[in-house]
Amino acid sequence: MLTREKYLQLRLDGMSRTHIQRNYYPSNPPKFYTLLSEWGLKEKDAEERALDLMVPPKKQEAADPAIDPNLQDAKLTELHEKISVLEKEIQDYISELRGERAENDRLLKELDEKQKLIDELSADRGLLLETIDKAVKQHDPVNHPPHYTAGSIECIDAIESATTGLAGGRAYSTGAAIKYLWRWSRKGGAEDLKKARWYIDRLIAELEGEAG
(Lines give C-alpha, C1' and ligand atoms only; values in the text may rest on other atoms or scores of the structure.)
Protein backbone atom coordinates (compact mmCIF):
# COMPACT_ATOMS: atom_id res chain seq x y z
CA MET A 1 0.00 0.00 0.00
CA LEU A 2 1.50 3.31 -1.06
CA THR A 3 1.08 6.15 1.46
CA ARG A 4 2.09 9.80 1.25
CA GLU A 5 5.02 9.28 3.62
CA LYS A 6 6.22 6.19 1.77
CA TYR A 7 5.98 7.98 -1.56
CA LEU A 8 8.04 10.94 -0.27
CA GLN A 9 10.61 8.55 1.20
CA LEU A 10 10.95 6.78 -2.15
CA ARG A 11 11.43 10.13 -3.84
CA LEU A 12 14.14 11.01 -1.31
CA ASP A 13 15.78 7.67 -2.09
CA GLY A 14 16.09 8.81 -5.69
CA MET A 15 13.24 6.85 -7.29
CA SER A 16 11.43 8.72 -10.06
CA ARG A 17 7.68 9.18 -10.25
CA THR A 18 7.54 6.88 -13.25
CA HIS A 19 9.30 4.05 -11.40
CA ILE A 20 7.04 4.45 -8.38
CA GLN A 21 3.94 4.40 -10.57
CA ARG A 22 5.12 1.27 -12.41
CA ASN A 23 5.93 -0.53 -9.16
CA TYR A 24 2.66 0.24 -7.35
CA TYR A 25 0.09 0.97 -10.08
CA PRO A 26 1.43 -0.62 -13.28
CA SER A 27 -2.01 -1.03 -14.86
CA ASN A 28 -3.76 2.00 -13.34
CA PRO A 29 -1.70 5.21 -13.80
CA PRO A 30 -4.77 7.48 -13.33
CA LYS A 31 -5.23 6.21 -9.78
CA PHE A 32 -1.60 7.01 -8.97
CA TYR A 33 -1.89 10.61 -10.12
CA THR A 34 -5.22 10.96 -8.33
CA LEU A 35 -3.45 10.05 -5.08
CA LEU A 36 -0.78 12.67 -5.77
CA SER A 37 -3.53 15.25 -6.14
CA GLU A 38 -5.18 14.14 -2.88
CA TRP A 39 -1.81 14.37 -1.09
CA GLY A 40 -1.16 17.83 -2.54
CA LEU A 41 1.94 16.57 -4.35
CA LYS A 42 0.91 16.58 -7.99
CA GLU A 43 2.71 19.84 -8.69
CA LYS A 44 6.50 19.58 -8.62
CA ASP A 45 6.88 22.72 -6.45
CA ALA A 46 4.54 21.32 -3.81
CA GLU A 47 6.41 18.02 -3.83
CA GLU A 48 9.78 19.74 -3.39
CA ARG A 49 8.48 21.74 -0.41
CA ALA A 50 7.20 18.53 1.20
CA LEU A 51 10.57 16.85 0.63
CA ASP A 52 12.38 19.79 2.22
CA LEU A 53 10.28 19.35 5.38
CA MET A 54 11.28 15.69 5.70
CA VAL A 55 14.41 14.44 7.43
CA PRO A 56 15.88 11.92 5.02
CA PRO A 57 17.03 8.89 7.05
CA LYS A 58 19.62 7.91 4.50
CA LYS A 59 21.27 11.35 4.67
CA GLN A 60 21.59 10.94 8.45
CA GLU A 61 23.13 7.53 7.91
CA ALA A 62 25.55 9.08 5.44
CA ALA A 63 26.89 11.21 8.28
CA ASP A 64 28.16 8.00 9.82
CA PRO A 65 31.70 7.58 8.47
CA ALA A 66 31.13 3.81 8.45
CA ILE A 67 28.50 4.19 5.65
CA ASP A 68 29.63 5.10 2.14
CA PRO A 69 26.92 7.20 0.40
CA ASN A 70 28.43 6.50 -3.02
CA LEU A 71 28.02 2.78 -2.37
CA GLN A 72 24.37 3.27 -1.44
CA ASP A 73 23.69 5.30 -4.60
CA ALA A 74 25.39 2.64 -6.70
CA LYS A 75 23.24 -0.10 -5.15
CA LEU A 76 20.10 1.98 -5.68
CA THR A 77 21.03 2.58 -9.31
CA GLU A 78 21.73 -1.13 -9.78
CA LEU A 79 18.35 -1.97 -8.26
CA HIS A 80 16.57 0.46 -10.60
CA GLU A 81 18.37 -1.05 -13.58
CA LYS A 82 17.35 -4.57 -12.56
CA ILE A 83 13.76 -3.42 -12.19
CA SER A 84 13.86 -1.86 -15.66
CA VAL A 85 15.28 -5.06 -17.14
CA LEU A 86 12.59 -7.15 -15.46
CA GLU A 87 9.87 -4.80 -16.67
CA LYS A 88 11.16 -5.09 -20.25
CA GLU A 89 11.33 -8.90 -19.99
CA ILE A 90 7.74 -8.99 -18.73
CA GLN A 91 6.56 -6.75 -21.59
CA ASP A 92 8.43 -8.88 -24.13
CA TYR A 93 6.88 -12.04 -22.68
CA ILE A 94 3.40 -10.54 -22.83
CA SER A 95 3.97 -9.51 -26.45
CA GLU A 96 5.17 -13.02 -27.27
CA LEU A 97 2.10 -14.58 -25.67
CA ARG A 98 -0.17 -12.25 -27.62
CA GLY A 99 1.61 -13.20 -30.83
CA GLU A 100 1.22 -16.92 -30.09
CA ARG A 101 -2.45 -16.43 -29.29
CA ALA A 102 -3.02 -14.59 -32.57
CA GLU A 103 -1.26 -17.40 -34.46
CA ASN A 104 -3.36 -20.04 -32.68
CA ASP A 105 -6.55 -18.16 -33.54
CA ARG A 106 -5.46 -18.00 -37.18
CA LEU A 107 -4.71 -21.72 -37.29
CA LEU A 108 -8.04 -22.60 -35.66
CA LYS A 109 -9.90 -20.44 -38.18
CA GLU A 110 -8.01 -22.07 -41.04
CA LEU A 111 -8.79 -25.53 -39.62
CA ASP A 112 -12.51 -24.70 -39.41
CA GLU A 113 -12.52 -23.53 -43.03
CA LYS A 114 -10.79 -26.74 -44.18
CA GLN A 115 -13.25 -28.88 -42.21
CA LYS A 116 -16.18 -27.07 -43.86
CA LEU A 117 -14.59 -27.72 -47.26
CA ILE A 118 -14.16 -31.41 -46.41
CA ASP A 119 -17.83 -31.65 -45.37
CA GLU A 120 -18.95 -29.97 -48.61
CA LEU A 121 -16.77 -32.27 -50.73
CA SER A 122 -18.08 -35.33 -48.85
CA ALA A 123 -21.66 -34.26 -49.56
CA ASP A 124 -20.84 -33.69 -53.24
CA ARG A 125 -19.13 -37.11 -53.36
CA GLY A 126 -22.25 -38.78 -51.98
CA LEU A 127 -24.48 -37.09 -54.57
CA LEU A 128 -22.05 -37.99 -57.35
CA LEU A 129 -21.93 -41.66 -56.31
CA GLU A 130 -25.73 -41.77 -56.17
CA THR A 131 -25.96 -40.22 -59.63
CA ILE A 132 -23.40 -42.69 -61.03
CA ASP A 133 -25.25 -45.62 -59.46
CA LYS A 134 -28.53 -44.53 -61.06
CA ALA A 135 -26.80 -44.02 -64.40
CA VAL A 136 -25.24 -47.49 -64.26
CA LYS A 137 -28.58 -49.10 -63.51
CA GLN A 138 -30.26 -47.21 -66.33
CA HIS A 139 -27.59 -48.33 -68.82
CA ASP A 140 -27.20 -51.95 -67.68
CA PRO A 141 -28.40 -53.97 -70.73
CA VAL A 142 -28.22 -57.28 -68.84
CA ASN A 143 -29.68 -56.66 -65.38
CA HIS A 144 -31.61 -53.47 -66.12
CA PRO A 145 -32.36 -53.20 -69.88
CA PRO A 146 -33.99 -49.83 -70.71
CA HIS A 147 -36.99 -51.37 -72.48
CA TYR A 148 -37.88 -53.25 -69.27
CA THR A 149 -37.09 -50.55 -66.71
CA ALA A 150 -39.13 -47.57 -67.93
CA GLY A 151 -41.09 -45.84 -65.20
CA SER A 152 -40.87 -46.54 -61.50
CA ILE A 153 -41.59 -50.30 -61.76
CA GLU A 154 -39.50 -52.89 -63.61
CA CYS A 155 -41.21 -55.34 -65.96
CA ILE A 156 -40.03 -58.40 -64.03
CA ASP A 157 -41.64 -57.09 -60.84
CA ALA A 158 -44.93 -56.50 -62.66
CA ILE A 159 -44.84 -60.04 -64.12
CA GLU A 160 -44.20 -61.57 -60.70
CA SER A 161 -47.20 -59.72 -59.26
CA ALA A 162 -49.45 -60.53 -62.26
CA THR A 163 -48.65 -64.30 -62.23
CA THR A 164 -49.15 -64.76 -58.51
CA GLY A 165 -51.39 -67.84 -58.10
CA LEU A 166 -50.80 -69.05 -61.64
CA ALA A 167 -48.69 -72.04 -62.63
CA GLY A 168 -47.33 -73.83 -65.67
CA GLY A 169 -48.31 -72.60 -69.13
CA ARG A 170 -50.78 -70.05 -67.87
CA ALA A 171 -48.12 -68.35 -65.77
CA TYR A 172 -45.65 -68.42 -68.66
CA SER A 173 -48.12 -67.12 -71.28
CA THR A 174 -49.34 -64.35 -68.99
CA GLY A 175 -45.75 -63.25 -68.24
CA ALA A 176 -44.77 -63.38 -71.93
CA ALA A 177 -47.80 -61.32 -73.00
CA ILE A 178 -47.02 -58.67 -70.35
CA LYS A 179 -43.35 -58.63 -71.43
CA TYR A 180 -44.15 -57.91 -75.08
CA LEU A 181 -46.84 -55.38 -74.24
CA TRP A 182 -44.39 -53.66 -71.85
CA ARG A 183 -41.61 -53.21 -74.39
CA TRP A 184 -43.34 -52.83 -77.78
CA SER A 185 -43.03 -49.01 -77.88
CA ARG A 186 -39.33 -49.13 -76.95
CA LYS A 187 -38.05 -52.14 -78.84
CA GLY A 188 -40.07 -54.44 -81.13
CA GLY A 189 -42.98 -52.31 -82.28
CA ALA A 190 -45.74 -54.21 -84.13
CA GLU A 191 -43.82 -57.48 -83.94
CA ASP A 192 -43.90 -57.37 -80.13
CA LEU A 193 -47.63 -56.60 -80.19
CA LYS A 194 -48.20 -59.65 -82.44
CA LYS A 195 -46.21 -61.81 -80.03
CA ALA A 196 -48.22 -60.50 -77.11
CA ARG A 197 -51.45 -61.26 -79.04
CA TRP A 198 -50.22 -64.81 -79.76
CA TYR A 199 -49.77 -65.53 -76.06
CA ILE A 200 -53.10 -63.87 -75.22
CA ASP A 201 -54.87 -65.93 -77.89
CA ARG A 202 -53.27 -69.06 -76.44
CA LEU A 203 -54.62 -68.24 -72.99
CA ILE A 204 -58.07 -67.52 -74.42
CA ALA A 205 -58.12 -70.82 -76.30
CA GLU A 206 -57.08 -72.71 -73.17
CA LEU A 207 -59.81 -71.09 -71.09
CA GLU A 208 -62.48 -71.62 -73.79
CA GLY A 209 -61.42 -75.26 -74.16
CA GLU A 210 -61.94 -75.82 -70.47
CA ALA A 211 -65.30 -74.04 -70.55
CA GLY A 212 -66.51 -75.85 -73.75
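This is a predicted model: local features need pLDDT of at least 70, side-chain atom pairs count only at pLDDT 80 or more; totals for chains, interfaces and linings use all residues.
Residues are numbered from 1 along each chain as its sequence is written, and side-chain values use heavy atoms, with hydrogens and water left out.

The chain contains nine helices and zero strands, helices being DSSP runs of H or I of at least four residues and strands runs of E of at least two, numbered from the N terminus. Of its 212 residues, 22% are buried (under 20% relative accessible area, with exposed meaning over 50% and partly exposed in between; 1.4 Å probe, protein chains only).

The axes of helix 1 (residues 4-12) and helix 4 (residues 44-53) come within 10 Å and cross at roughly 90°; axes are lines fitted to C-alpha atoms over the stretch in contact, with angles from 0 to 180 degrees between N-to-C directions. The two helices are therefore roughly perpendicular (65 to 115 degrees). Arg4, Tyr7, Leu8, Arg11 and Leu12 of helix 1 meet Glu47, Ala50 and Leu51 of helix 4, contact meaning heavy atoms within 4.5 Å.

In helix 3 (residues 29-38), Phe32, Leu35 and Leu36 are buried. Their directions fall within an arc of 100° seen down the helix axis, so these residues line one face; the arc is taken from the helix axis to the C-beta atoms. Helix 1 and helix 2 (17-24) are among the elements covering the buried residues of helix 3, while Pro30 and Glu38 are exposed on its other side.

Definitions and conventions:
Angles under 35 degrees count as roughly parallel, over 145 as roughly antiparallel, 65 to 115 as roughly perpendicular and the rest as oblique.
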